[in-house]
Amino acid sequence: MDRKPRRAASRVLAAVVLAFTAALGAAPPGAGAADGGTGAGPAASRVPLRVATYNIHAGAGQDGVFDLDRTAAAIRDLDADVVGLQEVDVHWGARSRFTDEARELAGKLGMRVFFAPVYDLPPATPGGERRQYGVALLSRRPVRGAWNHEITRLSTQTPDPVPAPAPGFAEVAVRVRGTLVHVYATHLDYRTDPSVRRAQVDDMLGVLAADSGPKVLLGDFNAEPDAPELARLWGSLADAAPSGGKTYPAVDPVKRIDLVTVSPDVTVTATHESGTTASDHRPVVADLLLHRGAR
């Protein structure tokens, strides 16, 4: 697996590897998205890619019941080439039956997976597996590299935490018909105070700036697109679904916090949200066109 040198704020965890199944001037949010498109050139020179973002609530539905088969079915129905997942448990605890959700979902779906832990804690019992929680990227396209980057976080696992760099910002480089696209999965801070999210936006932009070619950032931003702390994103990226529906909670949603965002050289042709209640969030799907041959 190729590994590229990264800036000091980006961390590659050697123990985190891709697992393959046997089967396989600032613009406003949404500028250049589905109603107009970004980039230039005829559609014939573009490569299609469907992506999705989904906070899976550790495999529990809006009803609070853990059912990873239901989660897998919801993801399968999205029919996406690359899916960014948030709230993924790997041997984390009783709520998810200490399951390795990343590998289990990859196996059920016949997809490649890269898991990027935010937390990596000792086993719950002697001799057990380490307890991990984070984000993941599922892909049915070839993956040429994978990285777990650090961004500013306020830990939920330590008393009196202070903002500090921590992993859990995932990136994969995916090859689609000869075109290389960088896809990222993120989960931003949930607290009312926007300062950590603002720092996380700056950190993510620094990671994205190190990559060339088309980019897609997927995630649960815990803020709506017009939130001041997200404003700096909209120079480098566009909201793929500026007229999209609300995503949280899954039943009678009131907020649009689950976003697909794209670089200016990516054209958005369609987006939609799924009404599934397999999580407490609704997934968002976007159909994209990439410039052919980007590297």
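The model is a predicted one, in which local features need pLDDT of at least 70 and side-chain atom pairs count only at pLDDT 80 or more, while totals for chains, interfaces and linings use all residues. Residues are numbered from 1 along each chain as its sequence is written, and side-chain values use heavy atoms, with hydrogens and water left out.

The chain contains four helices and twelve strands, these elements being DSSP runs numbered from the N terminus (helices H or I, at least four residues; strands E, at least two). Of its 295 residues, 55% count as buried, a term that stands for under 20% relative accessible area, with exposed meaning over 50% and partly exposed the range in between (1.4 Å probe, protein chains only). The chain exposes about 12,100 Å², of which carbon and sulfur atoms supply 52%; these accessible areas come from the Shrake-Rupley method with a 1.4 Å probe, and for residues only the protein chains shown count as cover.

Helix α1 spans residues 68-78, and its buried residues are Leu 68, Thr 71, Ala 72, Ala 74, Ile 75 and Leu 78. Viewed down the axis of α1, these buried residues fall within an arc of 160 degrees, so they line one face of the helix, the arc being that of the directions from the helix axis to the C-beta atoms. The elements that cover them include β1 (46-55), β2 (82-90), α2 (101-109), β4 (131-139) and β12 (284-291), where contact means heavy atoms within 4.5 Å. On the other side of the helix, Asp 69 and Asp 77 are exposed. After α1 comes Asp 79, which lies in the loop between α1 and β2 and has a phi near 55 degrees, a positive value in a residue other than glycine. With a relative accessibility of 42%, Asp 79 counts as partly exposed. A positive phi near 55 degrees is also found for His 57, a residue of the loop between β1 and α1 that, at 25% relative accessibility, counts as partly exposed.

Side chains of opposite charge can pair when their charged atoms come close. A search of the whole structure finds 14 salt bridges, each defined by a side-chain nitrogen of Lys or Arg within 4 Å of a carboxyl oxygen of Asp or Glu. In one of them, Asp 69 pairs with Lys 108, the closest N and O atoms being 2.6 Å apart; this pair links distant parts of the chain, Asp 69 in helix α1 and Lys 108 in helix α2, 39 residues apart. A salt bridge also joins Glu 229 and Arg 197 (2.9 Å, N to O). Glu 229 lies in the loop between β8 (215-220) and α4 (233-236) and Arg 197 in helix α3 (residues 195-209), so the pair ties together parts that are 32 residues apart in sequence; both residues are buried. Between Arg 95 and Asp 89 the closest N and O atoms of the salt bridge are 2.8 Å apart; Arg 95, at 49% relative accessibility, counts as partly exposed, whereas Asp 89 is buried, with a relative accessible area of 0%.

Ring pairs link Trp 92, Tyr 119 and Tyr 133 into a cluster.

How values were computed: Phe/Tyr/Trp six-rings, centres within 6.5 Å; stacked < 30°, edge-to-face > 60°.
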